[in-house]
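Subject: Model for handover

Hello,

Please find the structure below. My notes on it follow.

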Amino acid sequence: MITSAEAIDLIKTRIGVDGPAMTATVEAGHVRRFVEAIGDPNPRWTKEAPPTFLVALAPVSFHLDDAEVYGTGWLNGGNRFEYFTPVLIGDQITAKGHVVDVYDKPGSSGNLLFIIFETEYSNQRGELVARLRGTAIRR
Amino acid sequence: MNSESPNLTRRVANAKVGQELPELVKQPTTRQLVQYAGAQGDFYEIHYDQDYARSIGLPGVILHGLLKAAFLGQLITDWIGDEATLKTFEVSYRGIDVPAEPYRCRGKVTRIDGKNVELEVWGEDESGKRTTLGTAAVELR
């Protein structure tokens, strides 16, 4: 079992280093289950993926498990999506992610650990389709 | 109904700064949280295990931040239709939301610069507190 300080140091060594790429196909059935789950009946989603679907294709954040020695739970601080090319059903999307920054600071009820990560998604033609930046928080 | 846009097919092009988007009210349920957990592949227990959620100081199971983002995404894509393309979408989670309470998605136009339209979007809990804050940029086609 590593300490919280060691976990932070370990995650720091990964800043800017891409984790293993993951590739997945945008399947019609998966998109249908996703839009049913979010309750969005727009017929457009029979051809195209809705704006947040990419998070369902690959883990949102990579190699954050080591941070679980810190605090008791995860919070999602925020997400920022940039879109470059529409994601269509049948596309084969490759996700590559890395840690951008990690730091801890005092919060109102104890210390919080912030991990900023970025994931880039590209399609089967190698076009960048979207970039996601997220803030994962341990409290 | 959006009375300021009589021509619904041109509602983004005809939008004015300060104009509000048609509100979208969601009624999330525990069933929906399980459906979403499966569809996204996020099996963090705070979204379906009441005992676990309470054991770490939550009032019970809570909505996924990304489910709230998906609701706000729908608010935007319903409004822009085929008229514009979503370029950026950012959300910041400022509070928890629980199932069986309405989650109101709202937004307004903050800036128009040629083909680029910027929006402020937010999600409100039952008391009117803004638990999710966000922005989006769309571009007219």
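Two residues count as in contact if their C-beta atoms, placed from the backbone, lie within 7 Å. The model is predicted: local features need pLDDT of at least 70, side-chain atom pairs count only at pLDDT 80 or more, and totals for chains, interfaces and linings use all residues. Residues are numbered from 1 along each chain as its sequence is written, and chains are lettered from A in the order in which they are written.

The contact between the chains involves 24 residues of chain A and 28 residues of chain B. On the chain B side, H1 (30–40), H3 (65–80) and E2 (84–93) each supply at least two residues; helices (H or I, at least four residues) and strands (E, at least two) are DSSP runs, numbered from the N terminus. H3(B) gives the most, with 10 residues.

Strand E2 of chain A (residues 74–83) pairs with E2(B) in the antiparallel sense over five bridges; pairing requires at least two DSSP bridges between the strands. Gly78(A) stands opposite Ser92(B) in E2(B).

Of the 16 residues of H3(B), 15 are buried, so the helix is largely enclosed by the rest of the structure. Buried means that 20 or more other C-beta atoms lie within 10 Å of the residue's own, with C-beta atoms placed from the backbone. Just after H3(B), Gly81(B) has a positive phi of about 50°.

Leaving aside neighbours within four places in sequence, Ile76(B) is in contact with residues including Leu86(B), Phe89(B) and Val121(B).

Regards

Conventions:
Buried ≥ 20, exposed ≤ 12 C-beta atoms within 10 Å, placed from the backbone.
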